[in-house]
Amino acid sequence: MSTKELNKREVLLSGFARLPEKSVIFHKFHGAVEITLKVFRDTGEITELDSADLTRLQVRYLQELLCGEEIMTSRGLANIEQLLLRNFQSSLRKPVVAGIRACRQKLEELKEDDGNRAVAENESFDFGGQNG
């Protein structure tokens, strides 16, 4: 893997939200809704949003609404939830939020992996022929 691939500023995250089996939309969406976010790796700022499960209009609107918001902090997620509560009046609002939360979880795991990799690289650095 090239250094460029390891050091991308943005990362693509997909999150899935399960729908309640008794919901009206369960069968239409085969039980789950998927949300894909492109975010800055270091801040979690959303730069793009997409979903094969939403209409083009919904995706465009959510992009306008959520691009620039961040998913890394509790405050950022609370802002997103408030924006959606006030402006996205759809039965898909809760699954969209759950999908975004799943993306946040993946970003946290990725940042943890990045941190572990950095520690491992520092530990394996050879100081004049001595390890440790």
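Guide: Let us begin with a cut-off: a residue is called exposed when its relative accessible area is over 50%, and buried when that area is under 20%. Please note that the model is a predicted one.

Visitor: Which residues of α2 are exposed on its other side?

Guide: R56, L57 and E64 are exposed there, so each has a relative accessible area over 50%.

Visitor: And which residues in helix α2 are buried?

Guide: Within α2, which spans residues 56-66, the buried residues are Q58, V59, L62, L65 and L66. Their arc around the axis is only 130°, and therefore they lie on the same side of α2. Just after this helix, G68 adopts a positive phi of about 100°.

Visitor: What makes E34 a buried residue without a salt bridge?

Guide: A salt bridge requires a side-chain nitrogen of Lys or Arg within 4 Å of a carboxyl oxygen of Asp or Glu. For E34, the nearest side chain of opposite charge is K106, at 8.4 Å.

Visitor: Where does E34 lie, and what is it in contact with beyond its neighbours within four places in sequence?

Guide: E34 belongs to strand β2, residues 32-40. With those neighbours left aside, its contacts are S14, G15, F16, S51, A52 and D53. One of these, F16, stands opposite E34, while R18 stands opposite A32 in β2.

Visitor: Why are β1 and β2 said to pair?

Guide: Pairing calls for at least two bridges between two strands. β1 and β2 have nine bridges, in the antiparallel sense, so they qualify as paired.

Visitor: What makes β1 and β3 edge strands?

Guide: The three strands form an open antiparallel sheet in the order β1-β2-β3. β1 (10-18) and β3 (46-50) each pair on one side only, and these are the edge strands. Neighbouring strands of the sheet are turned by 20° against each other on average, with direction ignored.

Visitor: Which residues form the covered face of β1, and which the uncovered one?

Guide: The covered face consists of V11, L13, G15 and A17; the uncovered face consists of E10, L12, S14, F16 and R18. In a regular strand, side chains alternate between the two faces of the sheet.

Visitor: How many helices and strands does the chain contain, and what is the order of its elements?

Guide: The chain has four helices and three strands, running α-β-β-β-α-α-α from the N terminus. Of its 132 residues, 34% are buried.

Technical notes
Residues numbered from 1 in each chain as written. Predicted model: local features only at pLDDT ≥ 70, side-chain atom pairs only at ≥ 80, totals over all residues. Heavy atoms only, no water. Buried < 20%, exposed > 50% of the residue type's maximum accessible area, 1.4 Å probe, protein only. Helix = DSSP H or I, 4+ residues; strand = E, 2+ residues; numbered from the N terminus. Arc of directions from axis to C-beta. Lys, Arg positive; Asp, Glu negative; His and termini not counted. Contact = heavy atoms within 4.5 Å. Axes fitted to C-alpha atoms, helices over the stretch in contact; angles between N-to-C directions.
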